Amino acid sequence: MAFPYYKQHDSMDCGPACLRMVAKHFGKSYSLNYLREKCYIDKNGVSLRGIEEAAELCGFRTIAVKMPFYSENGQASLKKAPLPAILHWNENHFVVLYQITKKKVRIADPAHGRIKLNHPEFLKHWTQKSDNGAKGIGLLLEPTAEFENSGIEGKNKINSYEFLKSYLNPHRGLFAQLLLSLVIATAFQVTVPFLTQSLVDVGIENKNLNFIYLVLAGMLLIFLGQTVVRFIQSWIVLHASVRINVSLIADYLFKLMKMPLGFFDSKNIGDLLQRIGDHRRIESFLTQSTLSLILSIFNLIVFGVVLLIYSVPIFLIYIVAAILYVLWIVIFLRKRREIDYKAFAERSDNQDSLIEIIQGMPEIKLQGSEIKRRSLWTQIQARLFRVQISALAISQYQDAGALFINQAKDIIITFIAAKGVVEGHMTLGMMLAIQYIIGQLNAPLQQMVGFIRSAQDAKISLERLSEVHNSHEEEDPEIVKMDIIPEGDIEVEDVSFSYTPISDKVLKNVKVRIPRGKTTAIVGTSGSGKTTLIKLLLRFYDPTKGRIMIGGQPLNTIYTKVWRARCGVVMQDGFVFSDTIARNIAESDDIIDFKKVIQAAITANIMDFIHELPKGFQTKIGQKGNGISAGQKQRLFIARAVYKNPEFIFLDEATNALDAQNEKIIMENLNDFLEGKTVVVVAHRLSTVKNADQIIVLEKGEIVETGTHEDLVQVEKNYFNLVKNQLELGS
């Protein structure tokens, strides 16, 4: 079947056309107009980032790569990458790579059709030479469950086993190989009882040593064949399980990144991290447990038929015992489920406690609270121990009962077989063959019980993950929004907000206009709602009542990513990544522009500090690197905002950790940078707010005053008192 092909309508459409071909290859049809809109095409065409954004909206898992064609020292290469992939071609175009053979490469070029190239020709168009060798840029794509269910009425819920099909489908070829290996392995095994019978009834009975040698040689060959097959099976399972596990966790992180900030306010770190363990249980169920089930069913059928041929009574005894065995295990599943949920909660608390102890160690030592914190952790361990004891008790009851049923069955079958030999109904070889068959049937039965437990674990994990995967995302993919920012002022119209429906309002009927291209300062006492208002303007939350407009257009009708891409932000609780200084400053870019990094560092007055470091901008900071002071962090956050060169800037206590000298230098540097930009600043220092074009005074969530510094000082009300007490009037 030929790879699907769509021609681009004009030179700007190569990216959307490529994505359209890839989607069609996986069975979904999209119009070029729809994909063009999602790729954010501008007058310069489409970027790889734009294609990546559109692909993720369509339900693909994506990763942008820069890699060689051939593998070097075991590293990743295009020849080992999943296909089809979208490639950057001639540094000004996009094509789809859909097949690589020993000598040829096949691509679908939206401008010229399907093309077959030899390797040197392909490399000439795709790779770029650098100090690290010839590498090319591309976008690897893999469909997720979201893609598989797109366009289907009533999407599958995450807590359904149907959801897991999307993770098995990409590996159908591997599982077909596994099934073939199972057939071969079972074929080897099923010959053993017949060889055993022949060994005893023919070789030993007739004292034919040559025949015995022949049978033993056959058994040795079967053993070697089984070993080779198991070796191959292990490699196939490892390959499939690793890819499935990466896909599961990647989709989980992808979903987390699409959740609104309010979701994280109600979750603790331990709870979210524990769900990574849930993904591993699901991966184990999809690969090892499912494989064991297939093997078990296959062996039960084959060896069951062989046992039936040997003895009908023994076969019936085995069937009755197997039913009792499974029923005994199923009886305990409900109790096991309850204990699993308790264990999850305790493990989550335990993880939270450990994270808190490690991160808070300086404060613990300063306050001398080591015994207190250790005691709290010990209490959690005691609760976790009690839950584990309950889980162990359930397992012991299950295993003891199952073992009793199994052993009783084996004893009864041995008695009947021995009685048959004594009475002449069967030979000694037949008895030994039956014993071997029963041994081969016992293992699948235990594997099926293991599968039942694993299936229950996977179902419980799916239910817990459904809270994340079935939650509303920050951006509803079904709603088409604007991808441009209208001209005009920001208007806050009668906005009220509370963090929960039952909590007090943090903001009450706030109504204010923030002029475009001007600086607006927000001041007020602690807890008056200043930071919350900033977060509403940044769309971290939606107002409980009222609306926020920009240029007459409701802010929630503009794509949140588009809005935030135009915003530079310095928050009180900014985050330093465990990465280089350059990458921390250029967090908004995939590829660092060092000229912009240097200019941003100069503006934030952090160059002296960087020059003192042995590796300069390449020095690693954060938890895995050099520790930096609060003031240095704040200057880093300012540099991060400046690097972005945004049209809208939000500064929430951006200089509160700086000394007066550093603040003075930075504010002077920022004056030119902020010229003509829309700036909203929250501050306590007079030097930061007095030159603002407009000052808003918040008190208990309400606006009590608005005006310039001079006007508000003259009326001698709230702002005057703030200036006198908090904003260091006259300093």
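Me: How many disulfides does a search of the whole structure find?
Reply: The search finds zero disulfides, a disulfide being a pair of cysteine sulfur atoms within 2.5 Å. This is a predicted model, in which local features need pLDDT of at least 70, side-chain atom pairs count only at pLDDT 80 or more, and totals for chains, interfaces and linings use all residues. Residues are numbered from 1 along each chain as its sequence is written, and side-chain values use heavy atoms, with hydrogens and water left out.

Me: Is Cys14 buried or exposed?
Reply: Cys14 is buried, at a relative accessible area of 5%. Buried means under 20% relative accessible area, exposed over 50%, and partly exposed in between (1.4 Å probe, protein chains only). Cys58 is likewise buried, at 4%.

Me: Changing topic, which residues does UniProt list for "transmembrane region"?
Reply: The unreviewed UniProt entry lists residues 174-196, 208-229, 290-309 and 315-333. UniProt positions are given in the numbering used here, feature names are shortened, and annotations may be inferred rather than shown by experiment.

Me: How far apart are the end C-alpha atoms of residues 174-196?
Reply: They lie 34 Å apart, and the span is 100% helix and 0% strand. Helices (H or I, at least four residues) and strands (E, at least two) are DSSP runs, numbered from the N terminus.

Me: And what about residues 315-333?
Reply: Their end C-alpha atoms lie 28 Å apart, with 95% helix and 0% strand in the span.
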